Amino acid sequence: MKDIKQNNQKLKQLEELTTSNENEKLTTNQGIKVNNNQDSLKAGDRGPTLLEDFILREKITHFDHERIPERIVHARGSGAHGVFKLTKSLKKYTSAKFLNEVGKETPVFVRFSTVAGSRGSTDLARDARGFAVKFYTEEGNYDLVANNIPVFFIQDAIKFPDLIHAVKPEPDNEIPQAASAHDTFWDFISLMPESMHMIMWVMSDRAIPRSLRMMEGFGVHSFKFINEEGKSHFVKFHFKPKLGVHSVAWDEAQKISGVDADFHRRDLWEAIDNGAFPEWDFGVQLIPEEDEDTFDFDLLDPTKLIPEEEVPVEIIGTLTLNRNPDNFFAETEQIAFHPGHLVPGIDFSNDPLLQGRLFSYTDTQLSRLGSPNFHEIPINRSINTVHNNQRDGHMRQQIVKGKVSYEPNSIGGGCPFQSMMKEGGFSSHQERVSGAKVRERSNSFVDHYSQAKLFYNSQSAPEKMHLQNALVFELSKVTIPEIRERVVGQLAFIDKNLASKVAGKIGVEVKKPELPNQSIPADADPAILQSKEKTSKTKISPALSMANTVKDTIKSRKIGFIMADGADEKSFNALKNKLEKQGATVEIIAPSVAPIKTNNGTAITPKHSLTTTASVCFDALYIVSGENSVKELMSGENKHPVLHFINEAYKHCKAIYFGADTEPLYLNSNVGLKKHNDPAIITWDEKAPEEKFIDAISKHRVWDLEIERNS
Ligand code: HDE
């Protein structure tokens, strides 16, 4: 009951601050009704516009100031409202109330993002994805500002501006947009061995998700849980999508960027609109403080993950996104996350990357949102009313009564009061810290290759091939041979075969790279750094491969039905109903978007024409039965686009079902030329073809057949 109240509280708060123009009269910002919004005030109808036209001035001035600076990183984002429900109490480990009571519901807002591109850049860039969650808890806002990759490029915050400058468009010509395939990025990477583990992840298909709804989320750093007795555990956070983790092929990603640059944003919006609410299991890896030193890496090193085989992920709740924002700017753009927005019971670790982040986020909001009062913007407001002595500043909203804005005071009766820990007052974990003031890195951070190897070795054969191709693609765009060579030299520490294959395709030799000094502590042993023998305790981690993800549902998958006049209505309806019943979405693709007539004379309006969309926007294709429909598709200007559509879907290893009468399309496409037993190509003459088609869609793609299909 209380949770429903809490959920409603955020909703109510937002509702109170939301307006609609429905049935309203147009006004100025001062509330004055406007009688002419077409013409400015002039001296005569052909004369000059008058300065006194306050309606024109107000409208244009506001327009002139509509833009705010985009985020310096993670500028391109999409968000949604939702709820987090606790399924397992963590009271033993943390006093955070939203993690204590099973069944408790906490309202959330989640913003997903790419990192490098500008606000208007494509969704399908090869990049890490942000996965930032704001929990509106009864104890105040808790932000888990996570990514879809569990490690990071660098170990210390001081390298962040360098990393970002290297990956962003180059400063002389602002090229390329939202892409890491260029000289400065790889120059930096080639000189930073610590980035190699993250490089394995961003060169894998994890960096080109099929959907934001099909990505994992990771808190990256070790955080701390503190329980009521003050005992602490290290904790790593995980979000696991119920639909499984799936990606597109790089060739698809590039094409989607052209056909629908908003592919991920649209997919998220439509899924929520259609009631296919995205869901994740929320899990934790817990490590008692005294076990800190039992790993073969440092828990404070953000370039390392804790293999799930060593510390299993305990699922403790469900995150569901169930409401699209009403206004993109007001909510998704103005939301302000900060890893330092904590609630009692959660604390930081000494991870030097995390420590630097704690400074950066408020600082950046000040220039992005322009005022220290950004917490008053509706999407950022805590559901706990804010009481403190801070005052004034640009755009202050809260009207605090009384004379007092200092403490201690007697005039205000001493209010507002501090809270003791047992009353919910935030109290930092008491950790004994001592050490000389040094600008150094711990020796325990020096092994840069073991987990890169672990990741690579845990991938399936198709995943390894994609990763290799991604490196070849990226490094082929690097114009300076010495940079290519240095990267390949780094790859050799991970896998010799990978290095030599990439080297062969980019015209360099595998050589030991000159190691940079800046990332190695003065007294580090270079032998450790270069050791080919060192491997992590865990040799293979199945959890790191997407081949082992959930592949048993077609829920929210997009199926393209290709059809024209004369399509067989009965089989069209039968399959459409079956797919929709299992939660898939069916969209019709026809020669044009003009209505088509089925063999029963029913008019159906297609959503797409063969030229306004592409196979890369669909998970699977059904070539609808119907002799006349097939004839039309195979004639004139339709023939090439329809065959291209099918061939491309086939190239990307998608399920394709050829209905009755579609043999001419089957035989004239590449699909018909292959006679092998392909589990994703279903034809009219098979037994239970619809069931086979549904099963094939649920498998996502048949990556295992990729080489054979494309040879
Ligand atoms: Fe961020 N990061 N970051 N970051 N980050 C920002 O904050 C920063 C890092 C992440 O949807 C900025 O409000 C530093 C790791 C996400 O609004 C900025 C360092 C991880 C988002 C910033 C890191 C992240 C940001 C830009 C290294 C994964 C988008 C705008 C010390 C755990 C949040 C803003 C949103 C955004 C700084 C490293 C995740 C500049 C200095 C590691 C998901 O403050």
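In this predicted model, a nitrogen atom of the ligand lies 3.4 Å from an N or O atom in the side chain of arginine 357. The iron atom of the ligand has a single donor from the protein, the OH of Tyr361, at 1.9 Å. Elsewhere in the model there is an open sheet of 6 strands with parallel pairing, and a buried histidine, residue 652, in a loop between a helix and a strand.

- Arginine 71 has a side-chain N or O atom 2.7 Å from an oxygen atom of the ligand.

**Iron site**

- Tyr361 supplies its OH to the iron atom from 1.9 Å away and is the single protein donor.
- This tyrosine, residue 361, is part of helix α9.

**Shell around the ligand**

- The ligand has 24 residues around it, of which Arg71, Arg111, Ser360, Tyr361 and Gln365 come nearest.
- By class, the shell consists of 13 nonpolar, 8 polar and 3 charged residues.
- At least two shell residues come from each of β3 (129-137), β4 (140-147) and α9 (352-369).
- Helix α9 gives the most, with 6 residues.

**Parallel sheet**

- The strand order in the open sheet is β15-β12-β11-β16-β17-β18.
- β15 (608-609) and β18 (681-683) are the edge strands; each has a single partner strand, so one side of each is left without a neighbour in the sheet.
- Strand β12 (residues 585-590) pairs with β15 in the parallel sense over 2 bridges.
- Isoleucine 589 has histidine 608, in β15, as its bridge partner.
- In general, the strands of a sheet pair through backbone hydrogen bonds, in either a parallel or an antiparallel arrangement.

**Histidine 652**

- Histidine 652 sits in the loop that connects α17 (639-651) with β17 (655-658).
- Histidine 652 counts as buried because its relative accessibility is 2%, against a cut-off of under 20%.
- Beyond its neighbours within four places in sequence, histidine 652 is in contact with Ala249, Asp251, Glu252, Val616, Arg701 and Trp703.

Key. Residues numbered from 1 in each chain as written. Predicted model: local features only at pLDDT ≥ 70, side-chain atom pairs only at ≥ 80, totals over all residues. Heavy atoms only, no water. Near = heavy atom within 4 Å. Polar contact = N/O pair within 3.5 Å; in protein donor to acceptor, adjacent residues only side chain to side chain. Helix = DSSP H or I, 4+ residues; strand = E, 2+ residues; numbered from the N terminus. Nonpolar A, V, L, I, M, F, W, Y, C, P; charged D, E, K, R; others polar. Buried < 20%, exposed > 50% of the residue type's maximum accessible area, 1.4 Å probe, protein only. Contact = heavy atoms within 4.5 Å. Donors = N, O, S within 2.8 Å, 3.2 Å for Na, K, Ca; no water. Pairing = 2+ DSSP bridges.
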